[in-house]
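Hi,

Here is the structure I promised to pass on. My notes on how the chains meet follow below it.

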There are 2 protein chains.
Amino acid sequence: MFSQDQVWRGTLSSVPGIDATDARLLLALSEDPRATVMALSQTLGLARNTVQARLARLESGGALDPFERRLRPEALGYRLTAYITVTVVQTSLAEVSTGLADIPEVLEVIGLSGVADLLVQVVAVDADDLWRISEQVLAIPGVQRTDTNLALRRFVDHRMAPLLKRAAEA
Amino acid sequence: MFSQDQVWRGTLSSVPGIDATDARLLLALSEDPRATVMALSQTLGLARNTVQARLARLESGGALDPFERRLRPEALGYRLTAYITVTVVQTSLAEVSTGLADIPEVLEVIGLSGVADLLVQVVAVDADDLWRISEQVLAIPGVQRTDTNLALRRFVDHRMAPLLKRAAEA
DNA sequence: GTCCTGGCTGAACAATCTGATCGGTTCCGG
DNA sequence: CCGGAACCGATCAGATTGTTCAGCCAGGAC
């Protein structure tokens with residue numbers, strides 16, 4: 001059912017880990033996502049060689065999420081974001097999660113502490129669409145109850161910079 | 001308080017939008033985040049010029065989140081992820097959200113429908129750390145109640161591919 | 001029918017960057 | 001004192017970039 005990689009990620013395990021230099025490298029990349037290795041090495045005061053090696057390690061070592069992560073649903077026309085908490089018949093967790101995975105508008109499913117509760121992030125083009133998706137979720141065998149909360153505003157947009165800066169100084 | 005860009009994002013407004021060709025381009029990029037423009041143009045059967053123009057438009061047009069988004073907290077040593085819902089004295093929403101923004105471990109703050117409820121994603125190195133952060137959140141003036149839920153497992157890791165594929169075909 | 005605009009193409013250019021591979025250095029733990 | 005690991009500086013041919021050109025074509029405006 002799950003590939004090794006998926007299990008690895010699914011368990012929220014730790015990954016190789018990055019040091020202060022890596023953090024600085026990533027900060028530089030944050031400012032210019034498509035910066036060349038040359039530019040990065042100059043910014044960081046490291047040899048091109050070093051930067052190249054570190055980048056390769058990071059990119060292949062599982063420290064980075066796939067590129068998709070940078071895509072804003074709004075850009076694809078999905079103007080609504082909602083968080084649905086789903087209560088599940090305990091024994092059907094796997095079944096429900098694959099059912100959720102089959103809905104394209106489901107962006108993320110996270111298992112929360114508490115008994116068999118899932119946090120599901122979904123997007124929709126409009127209210128009707130969201131309704132349709134909610135029904136799809138409810139229709140999954142094993143789902144007991146859902147609670148849909150519309151995202152009205154982003155007060156803090158997803159960020160890592162503060163933690164990265166801390167890591168860069170350490 | 002907020003720059004134009006932050007307001008723009010904060011309101012969850014729509015962005016320029018991407019067409020089927022853009023979607024295909026982004027899919028190709030998902031498979032190889034650091035693919036060269038040359039490689040992309042060959043994959044897509046488009047002129048290098050075209051790809052370059054589209055990429056520039058996407059990158060500068062707000063369709064993409066910053067690079068940080070690809071960074072996995074686990075890689076930085078934050079092994080725990082939690083979602084905290086925060087009930088706020090209605091008049092203090094702005095105050096609370098800036099208070100939350102001051103905590104580095106707060107990755108994201110989203111205003112949910114329902115009265116003055118915030119969904120806060122935080123990360124922590126261990127349980128003690130999470131406790132400390134929870135207290136910090138509770139200490140913010142205007143916070144009425146918090147409910148912390150630990151993320152135990154990712155059933156569906158954040159993804160956009162299904163929606164991208166749909167957009168690529170349309 | 002004609003004009004204009006916008007997007008795509010193919011081509012060219014010099015300048016830069018890449019990937020790969022040297023040997024040499026420095027530092028740390030065994 | 002001896003690896004081993006990480007970094008450095010340097011070299012190479014070959015690929016890629018940014019930029020700018022003119023031509024082409026479809027669709028909308030007049």
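A salt bridge here is a side-chain nitrogen of Lys or Arg within 4 Å of a carboxyl oxygen of Asp or Glu. B:Glu59 forms one with A:Arg70, where the closest N and O atoms are 2.6 Å apart. In total, 6 salt bridges are counted between chain B and chain A.

Some ground rules: this is a predicted model, in which local features need pLDDT of at least 70, side-chain atom pairs count only at pLDDT 80 or more, and totals for chains, interfaces and linings use all residues. Residues are numbered from 1 along each chain as its sequence is written, chains are lettered from A and ligands numbered from 1 in the order written, and side-chain values use heavy atoms, leaving out hydrogens and water.

Now the interface. With contact taken as heavy atoms within 4.5 Å, 74 residues of chain B touch 74 residues of chain A. The two chains bury about 8200 Å² between them, 58% of it on carbon and sulfur atoms; this is the accessible area (1.4 Å probe) lost on being put together, summed over both.

Strand pairing also links the chains. Strand S4 (residues 143–156) of chain A pairs with S2(B) in the antiparallel sense over 4 bridges, and A:Ala151 stands opposite B:Leu112 in S2(B). Strands are DSSP runs (E, at least two residues), numbered from the N terminus, and two of them pair if DSSP finds at least two bridges between them.

Best wishes
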